[in-house]
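Please read them alongside the sequence and the coordinates.

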Amino acid sequence: MIKVIDEKQYKKAFKEVLVILNIIPNEYYDKIPKEIILTLQQFQDEYYEYELEFNKEFREQNVSEISKAILANFYRDYWASNNEKKKIIEKENLQRIKLEDEKRKKYNPEDIFRVSNLKEKQIEDTNSNNSLILMKKENFFQKIIIKIKKIFLK
């Protein structure tokens, strides 16, 4: 399912990520390229107030899905060990392949053409049946002429 995300949601997510990054240890913060931090700062929603509740775990925090995705990418790209990176990338690739298979099954071109060919054939059959019916139909004058012929032929 594709979700439409507007610019405001991204700006709020950038603010959330910056707030979270401000409380992580410096050793992790310093691993993120400065350009990315500057971009987040430049495009954040400065009027959006976001605070973390320190008595709750991260899972319980009110964090947007976009922020979670950004932080997950930071973990994969900058904080995870090489072994963890490989596992994460393999898992993402498997998910991507699974998604593609589902799309392929749902939108299989052969099935789409098969369905459209069946529809065309049904339309042709309907048209041919209609034409047969039209040929058999006789108008009022033809019926009178046939009855008159029958009378004279007896």
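1. The protein chain has seven helices and zero strands, where helices (H or I, at least four residues) and strands (E, at least two) are DSSP runs numbered from the N terminus. Read from the N terminus on, the order of elements is α-α-α-α-α-α-α.

2. This is a predicted model, in which local features need pLDDT of at least 70 and side-chain atom pairs count only at pLDDT 80 or more, whereas totals for chains, interfaces and linings use all residues. Residues are numbered from 1 along each chain as its sequence is written, and side-chain values use heavy atoms, with hydrogens and water left out.

3. Of the 154 residues of the protein chain, 19% count as buried (under 20% relative accessible area, with exposed meaning over 50% and partly exposed in between, for a 1.4 Å probe and protein chains only). Among contacts (heavy atoms within 4.5 Å) with a separation of 6 or more, 68% come from residues 24 or more positions apart.

4. Helix H1 covers residues 7–21, and because its 15 residues at 1.5 Å a residue should span 21 Å, the 21 Å between its end C-alpha atoms agrees with expectation; the expected span is 1.5 Å times one less than the number of residues. The buried residues of H1 are Ala13, Phe14, Lys15, Glu16, Val17, Leu18, Val19, Ile20 and Leu21, and these pack against helix H2 (26–29), helix H3 (34–43) and helix H4 (65–79).

5. H1 and H3 have axes 8 Å apart and pack at about 130° (axes are lines fitted to C-alpha atoms, for helices over the stretch in contact, and angles run from 0 to 180 degrees between N-to-C directions). The two helices are therefore oblique to each other, given that angles under 35 degrees count as roughly parallel, over 145 as roughly antiparallel, 65 to 115 as roughly perpendicular and the rest as oblique. On the H1 side Lys11, Phe14, Val17, Leu18 and Leu21 meet Ile37, Leu40, Gln41 and Phe43 of H3. The residues of this contact divide into seven nonpolar, one polar and one charged (Ala, Val, Leu, Ile, Met, Phe, Trp, Tyr, Cys and Pro count as nonpolar, Asp, Glu, Lys and Arg as charged, and the others, Gly among them, as polar).

6. The axes of H4 and helix H5 (residues 82–106) come within 9 Å and cross at roughly 135°, which makes H4 oblique to H5. Tyr75, Arg76 and Asp77 in H4 meet Glu84, Lys85, Ile88, Ile89 and Glu92 in H5, a contact whose residues divide into three nonpolar, no polar and five charged.
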